[in-house]
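Hello,

Here is the structure I promised to pass on. Please open it first, then read my notes below.

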Amino acid sequence: MPGTRALTSTDRVSAVVDLDAVAANTRLIRETAGTPVMAVVKADGFGHGLLPVTRAALEGGATWLGVTTLDEALELRRAGVPAPVLSWLHLPDEDFGTAIGEGVDLGVSSVEHLRSIVAAAGEAPARVHLKIDTGLSRNGAVADSWGELVDEAWRYETAGAVHVRGVWSHLHTAEDPETVPEQVRRFETALARAQRAGLRPTVRHLANSAAALTIPATRYDLVRAGIALYGVEPAHPGLRPAMTLRARAVQVKRVPAGTGVSYGHDHVTTRATTLVLVPLGFADGVPRLAGAHGAQVWFRGARHPVVGRIAMDQFVVDVGDTPAHVGDEIVLFGPGDEGEPTAVDWARWAGTNPHEILTGIGPRVPRHHHRSEGALP
Ligand SMILES: *Cc1c(COP(=O)(O)O)cnc(C)c1O
């Protein structure tokens with residue numbers, strides 16, 4: 001069965017994470033981009049487990065870590081991870097002093113944001129990466145306020161309060177190369193203005209996974225890779241999906257034709273068949289919508305349909321005449337080696353992206369981390 005190489009546990013449900021894949025994906029991104037790699041490990045390593053994924057990415061050659069919140073950055077420090085970390089989404093009244101003291105780099109989106117950081121900085125200057133909004137319209141300074149931000153940053157830098165280590169942005173569309181040149185042009189304009197202000201950032205960064213792997217003009221000094229670390233996107237023959245989501249059948253029943261299945265009887269069997277009950281539901285991140293849009297699972301070497309509504313804790317699979325027993329393994333998604341569904345398939349069935357599938361896997365699902373030497377604690 002895919003992803004179960006080292007699976008010895010009798011867990012009812014688990015997300016098995018292949019850390020060799022994370023390390024190899026990191027290596028591939030680094031070699032392809034030809035730049036240093038920031039491993040984006042926000043949201044618990046896209047649901048794969050913050051610390052195991054961080055260590056695997058560092059082993060694979062990542063030299064930076066990227067997270068959203070200060071809490072995520074401090075969790076890395078508490079675990080003894082010394083690598084450079086950038087955190088980028090803050091309210092102005094957060095505890096920047098602790099983060100600066102722990103050597104966390106801060107993404108800065110406005111003059112107000114910068115002043116709060118300066119106010120919290122102690123003896124050592126705060127290391128900041130000024131963010132320009134090149135079209136995403138999320139965080140980052142808009143072009144009109146960029147001049148003020150870089151001039152102010154320069155004043156603080158000369159006063160020894162901050163060190164502007166980076167200038168950066170985030171693409172609104174990386175999959176469509178048509179719109180990228182305009183985003184790069186806006187980034188270049190912002191870089192030139194920062195330079196005129198006197199700043200000399202050594203870490204300019206723009207690319208996410210898709211851009212890092214496919215659009216050389218976006219690579220600059222560093223690429224920020226999230227979904228590609230986990231092997232899921234962009235489509236690339238060298239990337240390997242790291243997570244396998246599996247469960248064991250809690251009940252098996254033979255039913256006659258005309259049997260209604262799950263809430264509302266949206267599904268009624270058309271022949272005598274075998275129904276397998278899987279102990280995962282939407283509370284665990286199995287998207288309810290997917291059930292009505294062709295979701296399938298892998299059972300005994302073949303795909304079988306999810307039937308009836310996916311409930312909070314469980315759903316039903318119609319395995320036809322395939323022999324089935326309580327305790328048998330069902331794979332919801334995996335790397336796809338044997339034909340089992342992938343996270344990309346589930347995203348399609350649920351009308352979402354694989355990021356949401358992976359980060360949505362809930363806390364009731366234990367993560368089991370494996371690498372070639374065997375299971376990690
Ligand atoms: C989440 C995130 C990334 C990672 O994007 P992927 O497309 O998953 O590689 C990179 N940069 C920023 C600012 C992000 O928020």
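Thr-173 sits in the loop that runs between β7 (162-168) and α8 (180-197). Please keep in mind that this is a predicted model. The side chain of Thr-173 makes a polar contact with the side chain of His-172, at 2.7 Å. Setting aside neighbours within four places in sequence, Thr-173 is in contact with Thr-179, Val-180 and Gln-183.

Next, the ligand. There are 13 residues around the ligand, and those that come nearest are Lys-42, Ser-209, Arg-224, Gly-226 and Ile-227. A polar side-chain atom of Lys-42 lies 2.7 Å from an oxygen atom of the ligand. Arg-224 has a side-chain N or O atom 2.9 Å from a nitrogen atom of the ligand. For His-170, a polar side-chain atom lies 3.4 Å from a ligand nitrogen atom. How much of the ligand does the protein bury? Taken alone, the ligand exposes 390 Å², and the protein buries 92% of that.

The largest pocket holds about 630 Å³ of space. It is lined by 27 residues, and the closest to its centre are Lys-42, Arg-138, His-170, Asn-208 and His-355. Two helices, α2 (42-46) and α9 (209-214), each supply at least two residues of the lining of the largest pocket. By class, that lining has 11 nonpolar, 10 polar and six charged residues.

The second largest pocket has about 300 Å³ of space. Of its 18 lining residues, Val-261, Ser-262, Leu-277, Gln-314 and Val-316 are the closest to the centre. Which elements give two or more residues to this lining? They are the strands β11 (251-255), β12 (260-261), β14 (273-278) and β17 (315-320). β11 provides the largest share, with four residues. By class, the lining of the second largest pocket has 11 nonpolar, five polar and two charged residues.

If you view one site first, start with Lys-42: a polar side-chain atom of this residue is 2.7 Å from a ligand oxygen atom, and Lys-42 is also one of the residues closest to the centre of the largest pocket.

Best wishes

Key
Residues numbered from 1 in each chain as written. Predicted model: local features only at pLDDT ≥ 70, side-chain atom pairs only at ≥ 80, totals over all residues. Heavy atoms only, no water. 1 Å grid on protein atoms, 1.4 Å probe; cavity = no way out; pocket = protein on both sides within 12 Å on 5 of 7 lines; lining within 4 Å. Points joined across faces, edges and corners; volume = space filled by probe spheres on them. Nonpolar A, V, L, I, M, F, W, Y, C, P; charged D, E, K, R; others polar. Polar contact = N/O pair within 3.5 Å; in protein donor to acceptor, adjacent residues only side chain to side chain. Contact = heavy atoms within 4.5 Å. Near = heavy atom within 4 Å. Areas by Shrake-Rupley, 256 points an atom, 1.4 Å probe, with all protein chains shown as cover.
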